[in-house]
Number of protein chains: 2
Amino acid sequence: MLEEHIKLPDGRRVDDFYTIRLRDFVVVAALTDEGKLVTVEHYRHGSRSVTQGLPSGFIDEGESPVAAARRELREEAGYEASEWSDLGRYVVDGNRGCGTEHVFLARGARRVGDPVHVDLAATTVHLVALERAVESMWYGDMRELACVAALALAVIRINADTVSAGRA
Amino acid sequence: MLEEHIKLPDGRRVDDFYTIRLRDFVVVAALTDEGKLVTVEHYRHGSRSVTQGLPSGFIDEGESPVAAARRELREEAGYEASEWSDLGRYVVDGNRGCGTEHVFLARGARRVGDPVHVDLAATTVHLVALERAVESMWYGDMRELACVAALALAVIRINADTVSAGRA
């Protein structure tokens, strides 16, 4: 078991088993007009493995969440999207009150160029049918909570919009 | 901005802005036979506020995830449930490869007693219509990523089961 002892700038000490992600970040569930989800493979050093995820990243200082979402979709996947929906902001650890995920649904996604590899690890971009992506949540290809939450929220929003459209 | 400098037992140093939740934990989306979701109010010291969430907690050493889920539902809410579905395990921070949320859907939930307040803060238990709980994800009453993810996954699973039942 890994134990961490941390001293915060205000003098408080944390002698506990876990601490938290502190910078705000965005995760983007981007869909093409054909209903395909834009996924990216990330290499994760902790697990020494490649995991399937969604375009995501930290929000730069002074950057709006949606601007960060557009930038990450462009940089990580090489995609732009015509329609953006804010699916909310969620704190990673409510006990400490910091570290927030901003979730976006982007529709009308289309490839506009190559990914820009600003991270150390190159990513591979895939288009995955939404139903297949949902299966990959249950069966473990997509394992990261932040990405799974964004995908699940996007699916619920898309289904709600479909029901609304059917009623109209 | 909070900066942390951590030395791990193997000698590695982490000079970064964030670290992670390390102990595995469970979150339970429990539904009564009337389709009401069992929610609990948590006081969170970080934000000095009360947030709406789901029964959740750390897995004790040697305890199975589902046993922890049953225990937390009983302790935090005073409920038991007849049908348990494993909705997967998701890593909070894939970069470090540790800290996993285990999500469970519990159906046939019924009140069997008072909550057991093992935490410092007392919790208040509410029964909320599932549709209302989904709205509370979009409109901010439920703000914690771990709970929102569990609720969203439960909604998708319930909808999928309903579609399957309709086909049968």
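User: What makes β3(B) and β6(B) paired strands, and which way do they run?

Analyst: Happy to walk through it; keep in mind that this is a predicted model. 3 bridges join β3(B), residues 25-32, to β6(B), residues 56-58, and the two run antiparallel. Pairing asks for at least two bridges, so the 3 found here qualify them as a pair.

User: Which residue in β6(B) is the bridge partner of B:Phe25?

Analyst: That is B:Phe58.

User: Why is β3(B) called mostly covered?

Analyst: Of its 8 residues, 7 are buried. Each buried residue has 20 or more other C-beta atoms within 10 Å of its own.

User: How far is A:Thr162 from A:Ala77, in sequence and in space?

Analyst: They are 85 residues apart in sequence, and their C-alpha atoms are 26 Å apart.

User: Let's turn to α2(B). Which of its residues are buried?

Analyst: In this helix of chain B, residues 130-139, the buried ones are B:Ala133, B:Val134 and B:Met137.

User: How do you know that they line one face?

Analyst: Look down the axis of α2(B): the buried residues fall within an arc of 100°, so they line one face of the helix. The face turned away from that buried side carries exposed residues, namely B:Glu131, B:Arg132 and B:Tyr139.

User: Which residues touch the most other members of the largest nonpolar core?

Analyst: That core has 86 residues, and those touching the most other members are A:Ala149, A:Leu151, A:Ala152, B:Ala149, B:Leu151 and B:Ala152.

User: What is B:Ala152 in contact with, leaving aside neighbours within four places in sequence?

Analyst: Its partners are A:Ala149, A:Ala152, A:Leu153, A:Ile156 and B:Met137.

User: How many helices and strands are in chain A?

Analyst: Chain A has 3 helices and 10 strands. From the N terminus on, they run β-β-β-β-β-β-α-β-β-β-β-α-α. As for burial, 40% of its 168 residues count as buried.

Key:
Residues numbered from 1 in each chain as written. Chains lettered and ligands numbered in written order. Predicted model: local features only at pLDDT ≥ 70, side-chain atom pairs only at ≥ 80, totals over all residues. Buried ≥ 20, exposed ≤ 12 C-beta atoms within 10 Å, placed from the backbone. Helix = DSSP H or I, 4+ residues; strand = E, 2+ residues; numbered from the N terminus. Arc of directions from axis to C-beta. Core = buried A, V, L, I, M, F, W, Y, C linked by C-beta atoms within 7 Å. Contact = placed C-beta atoms within 7 Å.
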